[in-house]
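Please look at the sequence and the model before reading on.

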Amino acid sequence: VIDIRKLYGETGYFTYDPGFTATASCQSAISYIDGDKGVLLHRGYPIDELAEHSDYMEVCYLLLNGELPTAEQKAGFVDTVTRHTMLHDQMNYFFRGFRRDAHPMAIMVGVVGAMSAFYHDSTDVDDPHQRMVASYRLVAKMPTIAAWAYKYSIGQPFIYPKNDLSYSERFLDMMFAVPAESYRVDPVLAKAMDRILILHADHEQNASTSTVRLAGSSGANPFACIAAGIASLWGPAHGGANEAVLRMLNEIGTVDRVDECVKRAKDKDDPFRLMGFGHRVYKNYDPRAKVMQQTCHEVLDQLGIKDDPLLEIAMKLEKVALEDDYFVDKKLYPNVDFYSGIILKAMGFPMEMFTVLFALARTVGWVAQWNEMIQDPHQKIGRPRQLYTGPAQHPYVPIHKRD
Ligand code: ACO
């Protein structure tokens, strides 16, 4: 706690809390984490039960509306989302303006931000109806944007959304269908995709969600706020971790090199960390990682992939780390990203798309949190203070008198 009178001559105190490890920035009723027990609840429902029994559309409804839908409410919600899956035809030009080798996350930041120019007339943030329409648009269009970013990068024509498919099937179709060939989405893979989306749907005040809230606290356009969230998610300490996990597993290369890698991760003179391990809040097994591990086995079985070398390395790595005093003492367990990269690679997603999938899934969490923030009577514009470490006031020195 800093006494600001000594610093600024103002009255009162503020806390100096780098990384906000002990600061609640808001009140929220959306998701709850018990980091010690490894529990994650969405609106009170455990994530493993949602992953087992629910589907992504239902979880989206839950996050946005506070309760699971009735059959009628769900049908209405799915219908509304489905009607918003197309992109404005002018959006084509945004994709075509990028270099083909652009990272798809860069394209996502640009294209989602550009949506604020298409829907500037329908985003009066104080109007609940307009906020809901913006939320539907974002949830519905994100798979189209994500798939088109990929298609553009490989030089294939864009596949338009087929609205007779489910949300996850439609996304896989836009990703992997090619006009010249027949393509049918594998239902087991669609189910796995849906589960991956559920596992990433929301996670209280992480860096990207806090970014969305902070951007939105000024009353900014929701599409611009979500673009800010995507930018924050991109980093390897956040959404970029599953890409980093796969790179790490590839670098390890063989099971017999796992011990050497764990040794490096413990060496404080080596910047190397075990990617996919550790979490700011979970000091126990991330409940999402458990479901992800099970889904990983299901997907590899379905695809007939036996003895996947990366999965073998990952499982050995997990075993060695969980028996190692360093990881045990610091309570470092696998997080959601540890197994997701292996599944996504097996499903045919290139590594650059991993974080994009995370952004797609998290969009509903971001918009739910943004909506909650706007309605919170205690909400003010986000405006942190700082602990100033620069020089005290001194007079201006003319340029000819400077040394
Ligand atoms: N490998 C080795 N050591 C680690 C790891 C790791 N993956 N994670 C943390 N540690 C060590 C730190 O070196 C530190 O040690 P010290 O106390 O001796 O200095 C201690 O554990 C605490 O770590 P912090 O970095 O202070 O913890 P923080 O809460 O700030 O970081 C984070 C959490 C960023 C997730 C970190 O564990 C990490 O970098 N993990 C790897 C990247 C990753 O998997 N990110 C995905 C996060 S989940 C998500 O975004 C969906």
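Q: With which residues is Asp-337 in contact, leaving aside its neighbours within four places in sequence?
A: The model is a predicted one, and in it Asp-337 is found in helix α17. Once the neighbours within four places in sequence are left aside, the contacts of Asp-337 are Ala-241, Asn-242, Val-245 and Gly-276.

Q: Does Asp-337 count as buried or exposed?
A: A residue is buried if 20 or more other C-beta atoms lie within 10 Å of its own. Asp-337 has 29 C-beta neighbours inside 10 Å, and therefore it counts as buried.

Q: Which residues does UniProt list for "active site", and what is the largest C-alpha distance?
A: The unreviewed UniProt entry lists His-279 and Asp-337 under "active site". Although they are spread over 59 residues of sequence, they cluster in space, with a largest C-alpha distance of 10.6 Å.

Q: Which residues does His-279 touch, not counting those up to four places away in sequence?
A: His-279 is placed in the loop between α13 (258–266) and α14, and it counts as buried because it has 23 C-beta neighbours inside 10 Å. Not counting residues up to four places away in sequence, His-279 touches Asp-286 and Asn-335.

Q: What is the phi of Asp-307, a residue other than glycine?
A: Asp-307 lies in the loop between α14 (287–302) and α15 (309–322), and with 7 C-beta neighbours inside 10 Å it counts as exposed. Its phi is positive although Asp-307 is not glycine, with a value near 50 degrees.

Note on methods
Residues are numbered from 1 along each chain as its sequence is written. This is a predicted model: local features need pLDDT of at least 70, side-chain atom pairs count only at pLDDT 80 or more; totals for chains, interfaces and linings use all residues. Helices (H or I, at least four residues) and strands (E, at least two) are DSSP runs, numbered from the N terminus. A residue is buried if 20 or more other C-beta atoms lie within 10 Å of its own, exposed if 12 or fewer, and partly exposed in between; C-beta atoms are placed from the backbone. UniProt positions are given in the numbering used here, feature names are shortened, and annotations may be inferred rather than shown by experiment. Two residues are in contact if their C-beta atoms, placed from the backbone, lie within 7 Å.
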